[in-house]
Amino acid sequence: MFLNLLGSRLQMVICSDYTNAGKTLDFKLHTSDDVTLGAWFILSEPYYQSLRTSAPAPLSTPSMDTIQSAMRAHPTVLYLHGAAGTRATAWRVQHFTSFTSRLQVNLLTIDYRGFADSEGSPSEDGLALDAYTAWTWLLDHGAKAEDILVVGHSLGTGVAGKLGSQLAKEGVRPRGIVLLAPFSSVTSLAETYNPMGYPILQPLQRFAWGRKLVRRLIIDAFDTLSVIEEFNVPTLIAHSVDDFEVPHSHSHTLLERLLDTILPPPGVLPSTPGIVVNGPEFAAFTDAQSKRRDARTALVRKVEVPNFGTVEEFDGKYGRVVYVESLWGSHSKVGLQEGVQDVIATTFGLTGAAVNSS
C-alpha cells in the first residue's frame, strides 16, 4: 500500500507519556471495528497553569473531570499526524507544545492503527474510522463541534479530508479544518513525490507500463481534491516553498478547487482536430480564462509578508478560505512557523478564545 511506499515507519513501540504527566493523559480509544488506538489528550497551557499554581502539590495525570472542564474552557484541536513516525516524534511533540501554548487550545492526538502502540494494520478506510473515533470521543466527553478545530499534516490532511467530508454529510460543523503541507491526492503525489529532493516516481510516469505500475501500487487514494468542496466550514491551507517532499503546487490545486465553487468556469481548451487558432472556439476559451482571472483578482485578498511569505484569503461558500505560503518550514515544520500559527489563531478565533457555552 502507498503508506509503506511513502516510507512510513509504523513503529510498534509503546509511547511514553508526553512531556508533563500533569498536563497530558495517555489513554486508549476503541474503534467500532474493535481496534485499540493509543492517544494523548493535552491540556491547554493556560488551563494547566491555572491548575498548577492553585495546587498544593505537583499535579498527577489529568482526570476525566479535569479534561471535560478544560474542554468547556478552551477550544480543542484534533491533530491528525503524517505517515512518518508516531505521536511521540520529537518535532511532532514540538507542535503539541506550541499549539497548546501559543494557540491556547487543548489537543487530542492519536496514533492510527498500525502505528506506535495502536493495534491493527493501516488502510484508508481504517484511518478514516480512527479519526472519526477520536472526533466522537471528544463529543462524548463534553466538547461541542463548533469548539473543535481539525488539523491534519501531510498524510493527516488526507485523513482530515475524509473526516471533513463525512461530518459535512452528517450536517455537523466543526470550528474549521486546517491542512498543513497537504497533497491533492495520493495519485498526484506519486507523480511529484520528492524525498530529499529526488522525484523517485516521476521516471515511471514516462512509460505506459510505469503509470500502470504506480496505479497498482496506490491502493489508498486519500483524494482530498475530490472532497474539499464538501467542507462546510472555514478552511486554512499552509505550505512551505521549501517543501521537497510534497510540492506546494498541491496546495495551489486545492485552493483553486475551492475557488471553482464561486468563480466563473475556467474554460476547457478545445481538442477537436482541425480547430483553428484564433477561431471562435479558442476565442471562447481565452475569454473564459480572462474572466476567471479578473474575478479571481477581485475576490482574493493577497498580502505579502516580508521575510515570511504570502497570505491569500477570500470569502468562500462556507466561510473564510485562507492559504498561507511560507518561505521556509520544509515539509515537517510548516506548522511550527509562528506566522502560520498566528494566521490560524486569527482565522479561527483561537488565542484566548472562550468556547461556545450555549
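Which residues do ring pairs link into a cluster? Select W40, Y79, F96 and F99, which are joined in this way; rings of Phe, Tyr and Trp (its six-membered ring) pair if their centres lie within 6.5 Å.

The model is predicted, so that local features need pLDDT of at least 70 and side-chain atom pairs count only at pLDDT 80 or more, while totals for chains, interfaces and linings use all residues. Residues are numbered from 1 along each chain as its sequence is written, and side-chain values use heavy atoms, with hydrogens and water left out.

**The sheet**

Please display the strands next. Helices (H or I, at least four residues) and strands (E, at least two) are DSSP runs, numbered from the N terminus. An open sheet of 10 strands runs in the order β1-β2-β4-β3-β5-β6-β7-β10-β9-β8, and its pairing is mixed; two strands pair if DSSP finds at least two bridges between them. At the edges stand β1 (24–30) and β8 (301–305), each with a single partner strand, so one side of each has no neighbour in the sheet. On average, neighbouring strands are turned by 20 degrees against each other, direction ignored.

Select β7 (residues 235–240) together with β10 (residues 319–326): these strands run parallel and are joined by 6 bridges. Within them, T235 stands opposite V321 in β10.

**The nonpolar cores**

A nonpolar core is a set of buried Ala, Val, Leu, Ile, Met, Phe, Trp, Tyr and Cys residues joined through side-chain atoms within 4.5 Å. Buried means under 20% relative accessible area, exposed over 50%, and partly exposed in between (1.4 Å probe, protein chains only). Select F41, L78, L80, L108 and L138, which touch the most other members of the largest core, a set of 55 residues. Helix α5 (residues 124–140) contributes the largest share of this core, 6 residues.

Centre the view on L138. Apart from residues up to four places away in sequence, L138 touches F41, M71, T76, L78, L108, A143 and I148; contact means heavy atoms within 4.5 Å. A second, separate core of 28 residues includes Y79, F96, L103 and V105.

**Aromatic pairs**

The whole structure holds 6 aromatic pairs. Planes under 30 degrees apart count as stacked, over 60 as edge-to-face and the rest as tilted. Select F41 and W137, a tilted pair at 6.1 Å centre to centre with 50 degrees between the planes. F41 lies in strand β2 (residues 36–42) and W137 in helix α5, so the pair ties together parts 96 residues apart in sequence. F41 counts as buried at 0% relative accessibility, and W137 counts as buried at 10%.

Move to Y79 and F99, whose ring centres are 6.3 Å apart and whose planes stand at 75 degrees, so the pair is edge-to-face. Y79 belongs to strand β3 and F99 to helix α4 (residues 90–102), 20 residues apart. Y79 is buried at 0% relative accessible area, and F99 is buried at 1%.

T109 lies in strand β4 (residues 106–110) and is buried, with a relative accessible area of 0%. Its side chain reaches the backbone oxygen of Y79 at 3.3 Å. Leaving aside neighbours within four places in sequence, T109 is in contact with G38, A39, W40, Y79, R87 and F96.

Notes
Axes are lines fitted to C-alpha atoms, for helices over the stretch in contact, and angles run from 0 to 180 degrees between N-to-C directions. A polar contact is a pair of N or O atoms within 3.5 Å; within protein, one must be able to donate a hydrogen and the other to accept it, and residues adjacent in sequence count only if both atoms are side-chain atoms.
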